[in-house]
Amino acid sequence: MGRALGGVDVTGKLIALEGIDGSGKSTQACRLAGSLGAELTFQFGATEIGSVIRDLLLSPTYSELDDKTEALLVVADKAQHLTEIVHPALQAGRDVVTDRYTASTLVYQGYGRGIDLVFLKSILQFATSGLEPDLTILLDLDPAQASNRLQQKLDRIEDATTKTSFVSRIRNGYIQLAAESPDSWVVVDASGNIDEVAIQIEAVARKFFCERTL
């Protein structure tokens, strides 16, 4: 069963992997896309324009970057990403696995930075044309363990996640979003090794889509 996107029937499926920095989502997104034969992408920075935005967002040089400016830049990247990569793939019938999607904005810029959630949801709706993932997999991990996994040289946003109160708000935000949408979110324990977590994630994805074709 397809769905309409911009007047075009979409048959491809969108899976988003989410989690705090250090949860392993980038590695697992790559593994899952390979397993499913899906197109792999990420936010932010997957397009040429997005890479410029990414440099602005992550460089420690721009420590004066205002939280509102950060949120608007993140959403701008999403609009370009959807236009160039996600929408065309789905409209062509290809499945897409993305490392981060709109939930990241809600938790990092909303729960984390304190930007109004209603406002964020409104501009995300505009940027994505209302496209939501068919399935969001949350890799949940204790912040202390996630911090140990991060490389020593941190970007501007990763550096913020080393602050206990900030990363706790992010993790709690993810848990809240998952609780609000149990039909399209699944929480996976990310504390195991790469192979153990990959097995869980693939099983979740295959079970989710199998159940929806019955």
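Colleague: Which residues of β6 point one way and which the other way?

Modeller: Keep in mind that this is a predicted model. Leu135, Ile137 and Leu139 point one way from β6, while Thr136, Leu138 and Asp140 point the other way. All of them are buried.

Colleague: And where is β6 in the chain, and how many of its residues are buried?

Modeller: β6 covers residues 135-140, and six of its six residues are buried.

Colleague: OK, zooming out. In what order do the strands of the sheet come?

Modeller: The order is β4-β5-β3-β6-β7. Those five strands make an open sheet, with parallel pairing. The edge strands are β4, residues 39-42, and β7, residues 185-189, and each of them pairs on one side only. On average, neighbouring strands in this sheet are turned by 20° against each other, ignoring direction.

Colleague: What packs on that sheet?

Modeller: Helix α3, residues 67-91, does. Helix α3 touches β3, β4 and β5, and its direction makes about 160° with that of β4.

Colleague: Let's talk about β3. How many bridges join β3 to β5?

Modeller: Four bridges join β3 (residues 14-18) to β5 (residues 96-99), and the two strands run parallel. In that pairing, Ile15 stands opposite Val97 of β5. β3 is also joined to β6 by four bridges, again running parallel. There, Leu17 is opposite Ile137 of β6.

Colleague: What does Ile137 stand opposite in β7?

Modeller: That would be Val186. β6 and β7 pair over five bridges, in the parallel sense.

Colleague: New topic: the nonpolar core. Which residues of the largest one touch the most other members?

Modeller: Ile15, Leu17, Ile137 and Tyr174 do, out of 40 residues in that core. There's also a second, separate core of nine residues, with Ala16, Leu82, Val86 and Leu131 among them.

Colleague: Tell me about Tyr174. What is it in contact with, if you skip the neighbours within four places in sequence?

Modeller: The contacts of Tyr174 include Glu18, Gly19 and Ile20, then Arg100, Ala103, Ser104, Val107 and Tyr108. Leu138 and Trp185 are in contact with Tyr174 too.

Colleague: At what angle do α3 and α4 pack?

Modeller: About 175°, with the axes 11 Å apart. An angle over 145 degrees counts as roughly antiparallel, and α3 and α4 are therefore roughly antiparallel to each other. On the α3 side the contact is made by Glu70, Ala71, Val74, Val75 and Lys78, and on the α4 side by Thr102, Thr105 and Gln109.

Colleague: Last one, Lys25. Buried or exposed?

Modeller: Buried: Lys25 has a relative accessible area of 8%, and the cut-off for buried is under 20%. Lys25 is in helix α1, residues 25-36. Its side chain makes a polar contact with the side chain of Ser26, at 3.4 Å.

Colleague: And which residues does Lys25 touch, not counting those up to four places away in sequence?

Modeller: Lys25 touches Leu17, Glu18 and Gly19, along with Asp99, Arg100 and Leu139.

Key. Residues are numbered from 1 along each chain as its sequence is written. This is a predicted model: local features need pLDDT of at least 70, side-chain atom pairs count only at pLDDT 80 or more; totals for chains, interfaces and linings use all residues. Side-chain values use heavy atoms; hydrogens and water are left out. A nonpolar core is a set of buried Ala, Val, Leu, Ile, Met, Phe, Trp, Tyr and Cys residues joined through side-chain atoms within 4.5 Å. Buried means under 20% relative accessible area, exposed over 50%, partly exposed in between (1.4 Å probe, protein chains only). Contact means heavy atoms within 4.5 Å. Two strands pair if DSSP finds at least two bridges between them. Axes are lines fitted to C-alpha atoms, for helices over the stretch in contact, and angles run from 0 to 180 degrees between N-to-C directions. A polar contact is a pair of N or O atoms within 3.5 Å; within protein, one must be able to donate a hydrogen and the other to accept it, and residues adjacent in sequence count only if both atoms are side-chain atoms. Angles under 35 degrees count as roughly parallel, over 145 as roughly antiparallel, 65 to 115 as roughly perpendicular and the rest as oblique.
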